[in-house]
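User: I would like to learn how to read the fold of this model. Please take me through the sheet, the helices and the core.

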Amino acid sequence: MSIWWSLHLRREAASVPLARRLLLGTMETAGVDPDVSYDLSLALSEACANAVEHGGESGPQDSTAAYRVTAYLDGEKCRIEVTDSGPGFSPVRPLRPTPMEAENGRGLCLIHELADHVQIGNKPGRGAVVSFDKILKWRKDAPLMAV
């Protein structure tokens with residue numbers, strides 16, 4: 001069975017836990033292993049926080065700007081995509097570990113650690129796109145487990 005959903009969210013801090021809760025609820029209902037669900041929800045939170053902070057033409061105070069979160073649970077994999085309407089990423093440079101005491105800059109590195117495959121890029125006229133996926137593990141009693 002496949003499940004997918006897409007949210008169009010305002011660039012406000014309150015939208016981040018909303019997206020995370022929806023993902024966790026979907027995965028719990030489907031029967032995904034809680035550790036995998038947690039990893040993906042944390043990666044989603046980081047991607048959403050980046051979209052809220054950096055994803056608009058103006059600063060994060062512009063609540064009219066929005067971003068989109070799309071999640072697909074299909075077979076043995078979950079893919080999540082977060083797209084914003086900002087200026088996009090500057091030319092790609094290698095990710096470098098961020099010092100533990102830094103307040104910013106750890107999100108993309110954390111997403112890379114938590115997901116199996118990560119793509120970061122720009123969509124012309126649409127802003128930045130962070131897409132990541134992870135192979136799913138299922139609980140023994142999973143009602144929607146892929147067969």
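**Reading the sheet**

Analyst: Five strands make up an open sheet, in the order β1-β2-β3-β5-β4, with antiparallel pairing. Strands here are DSSP runs of E with at least two residues, helices are runs of H or I with at least four, and both are numbered from the N terminus. Two strands count as paired if DSSP finds at least two bridges between them. This is a predicted model: local features need pLDDT of at least 70, side-chain atom pairs count only at pLDDT 80 or more, and totals for chains, interfaces and linings use all residues. Residues are numbered from 1 along each chain as its sequence is written, and side-chain values use heavy atoms, leaving out hydrogens and water.

User: Which strands stand at the edges of the sheet?

Analyst: β1 and β4 (117–123) do. Each has a single partner strand, so one side of each lacks a neighbour in the sheet.

User: How many bridges join β3 to β5?

Analyst: Seven, and the two strands run antiparallel. Within this pair, Glu 81 has Ser 131 of β5 as its bridge partner. β4 and β5 also pair in the antiparallel sense, over seven bridges. There, Gln 119 is bridged to Ser 131 of β5. β4 and β5 form a hairpin with three residues between them. Gly 125 in that turn has a positive phi of about 75°. Leu 7 has Val 69 in β2 as its bridge partner.

User: Is β5 enclosed or open to the outside, and how many of its residues are buried?

Analyst: Buried means under 20% relative accessible area, exposed over 50%, and partly exposed in between (1.4 Å probe, protein chains only). Eight of the nine residues of β5 are buried, so β5 is largely enclosed by the rest of the structure.

**Reading the helices**

User: At what angle do the axes of α1 and α2 cross?

Analyst: Axes are lines fitted to C-alpha atoms, for helices over the stretch in contact, and angles run from 0 to 180 degrees between N-to-C directions. The axes of α1 and α2 cross at roughly 155° and come within 9 Å. Angles under 35 degrees count as roughly parallel, over 145 as roughly antiparallel, 65 to 115 as roughly perpendicular and the rest as oblique. α1 and α2 are therefore roughly antiparallel to each other. Contact means heavy atoms within 4.5 Å. On the α1 side, the contact residues include Ala 19, Leu 23 and Met 27. On the α2 side, Leu 40, Leu 44 and Cys 48 are among them.

User: Which strands does α2 lie across?

Analyst: α2 lies across β2, β3 and β5, and runs at about 175° to β5.

**Reading the core**

User: Which residues touch the most other members of the largest nonpolar core?

Analyst: In soluble globular proteins, nonpolar side chains tend to be buried together. A nonpolar core is a set of buried Ala, Val, Leu, Ile, Met, Phe, Trp, Tyr and Cys residues joined through side-chain atoms within 4.5 Å. The largest one has 35 residues, and Leu 40, Leu 44, Tyr 67, Ile 80, Val 82, Phe 132 and Leu 136 touch the most other members. Its largest share, nine residues, comes from α2. Leu 136 touches residues including Met 27, Val 36, Leu 40 and Leu 73.

User: Is Gly 107 buried or exposed?

Analyst: Gly 107 is buried, at a relative accessible area of 7%. Gly 107 belongs to helix α3 (residues 107–114).

Terms used
Lists of a residue's contacts leave out its neighbours within four places in sequence.
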